[in-house]
Amino acid sequence: MVTSTAAPALAATYSREDWQRGYQSQPQELDYLITDCEGQVPLALEGTLFRNGPGLLDIQGQRIHHPFDGDGMICQFTLQNGQVHFRNRYVRTEGYVAEQAAGKILYRGVFGTQKPGGWLANIFDLKMKKIANTNVLYWNDRFWALWEGSEPYRIDPATLETLGIDRLEGLLAENQPFTAHPRIDPGCRPTQPEERLVAFSVKTGPSSSITVYEFDPTGAVVQQQTRIIPGFAFLHDFAITEHYYIFFQNPVALNPLPFVFGFQGPGQCLKFQPDRPTQAIVIPRDPAQPMQVLETDACFVFHHANAFEVPNPNNPQGLPNLQVDSICYDFLPVINPSTDYLEIDFDQLAPGLLWRSTLNLQEQSIQRHCWGDRCVEFPSLHPDRVGQEARYYYMGAAHHPQGNAPLQGIVKLDLQTGAEQFKSFAPRSFVNEPIFVPHPQAQAEDEGWLLVLTYNAERHCSDLVILNAQTLDTEATLHLQQHIPYGLHGTFVPKVFN
Ligand code: CO
């Protein structure tokens, strides 16, 4: 296993002050054509990039404890005729509306934000703020802001107006969690020619239940199944293949008492247990087939890059092997109640590394190998390769090839050759998740663009950078008039909303 302490100390390629300023709140909601542009926006690149993330890191100067507790702010970039129009709006959750009206923090946050007044003000207050800050989803002409704590919020994709909590026509119960990480199965198989939206809901406690839904392009649920797994489950993301859903159950325990008694948020009561294995939960998409649980060394996973099936070389007629690529941490970063996230010591945290786990369903074993030492997060790939073997992944990456640091570059990994291409925005810019958009007439898997929202500390403003995905050369840099705090996830819709 590669650990952060094994890497020699490298000169920082960033200043902490620059990095911290990217976490300043952005209370403004704006709407304008971006006129300050270097290079040319490709005419063939047409559609809408949506991104979600915490936009407020304080309520009228009262700081929240962790960025994951920040109110969801959606950014919309409309690309058409070589021009880009920007718009951002907050998701009007009950919590956002109430706190903005009151001018102070009224809710506790999952990641430790407490109401002022110490534990007396927080004791037995289990009402969490719904924040809708993690991802966006577009399906069947509908658009949602997602977070995994409860139901999604329906949003107008043209105006970004919040339409309200959406229980998906009765599919979800009140307050039922719904994933912030759905997957779109591109289909294109004789047995399943159509696209499918695959999403899940986890209810956790002493034991946990996972419900997986598959929606067809009309929005109808065509498949639904629930499986029970023992123990508490922290399942942020999952992977799909032609025949399986794959979840990694991180070895964490939950001690809810500090939360109930008002000292900590529930996200802070998670304790990483390095002596327990990480479990791969393999659920067949055919509900009649049995679930399998395979074990491997303890690691912590937020995000999977992709997964696909290959024949088991020892018995090609039997169950396949599953190749699962994930960003793994040696241990879980914890934000203690007394720790300021802006002061975290990157050198003391495990870097995220891309690992391939080969799940042998016949022997019920896992073999793992690491793709490299570079600290990476937010993997993306060609949307048509989801669930099948892909040649290329694109990820946010640290500038140095080793060690832990903020994401300042984009790495493209060729999984066939192992070769890496790297584009750095150091020393003064920091990157968000790259999103790959295929060229409309693409022949090759990497023919297209990467849309990268960067925070440029020199201007204290953000830039939308359009990279050629084959060369990682910059085709255009669009300078925004304001900064966007570091965000989480987004999506590109090949459609313009007017
Ligand atoms: Co995520």
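Biologist: How do I read relative accessibility: at 13%, does Phe 234 count as buried or exposed?

Modeller: Buried means under 20% relative accessible area, exposed over 50%, and partly exposed in between (1.4 Å probe, protein chains only). Phe 234 has 13% relative accessibility, so this residue counts as buried. Phe 300 is also buried, with a value of 0%. This is a predicted model, where local features need pLDDT of at least 70 and side-chain atom pairs count only at pLDDT 80 or more, while totals for chains, interfaces and linings use all residues. Residues are numbered from 1 along each chain as its sequence is written, and side-chain values use heavy atoms, leaving out hydrogens and water.

Biologist: Thanks! How are the rings of Phe 234 and Phe 300 arranged?

Modeller: A pair of aromatic rings is described by the distance of the centres and the angle of the planes. Rings of Phe, Tyr and Trp (its six-membered ring) pair if their centres lie within 6.5 Å; planes under 30 degrees apart are stacked, over 60 edge-to-face, and the rest tilted. That rule gives 26 aromatic pairs here. For Phe 234 and Phe 300, the centres are 5.7 Å apart and the planes meet at 35 degrees, so the pair is tilted. Distant parts of the chain are linked by this pair: Phe 234 sits in the loop between β15 (221-230) and β16 (239-240), and Phe 300 in strand β22, 66 residues apart.

Biologist: Which residues do ring pairs link into a cluster?

Modeller: The cluster joins Tyr 14, Trp 19, Tyr 23, Tyr 341, Phe 346, Phe 430, Tyr 455 and Tyr 486.

Biologist: And which protein donors does the cobalt ion have?

Modeller: Donors are N, O and S atoms within 2.8 Å of the metal (3.2 Å for Na, K and Ca); water is not among the atoms, so sites may look incomplete. The cobalt ion has His 181, His 236, His 303 and His 489, each through NE2, at 2.0 to 2.1 Å. Their spacing in sequence is H-x54-H-x66-H-x185-H. His 181 lies in the loop between β11 (162-165) and β12 (183-185) and His 303 in strand β22 (residues 300-310), so the two tie together parts 122 residues apart in sequence. Both His 181 and His 303 are buried.

Biologist: How many helices and strands are there in the protein?

Modeller: There are four helices and 35 strands, taken as DSSP runs numbered from the N terminus (helices H or I, at least four residues; strands E, at least two). As for burial overall, 58% of the 498 residues are buried. The C-alpha trace spans about 60 × 55 × 55 Å along its principal axes.
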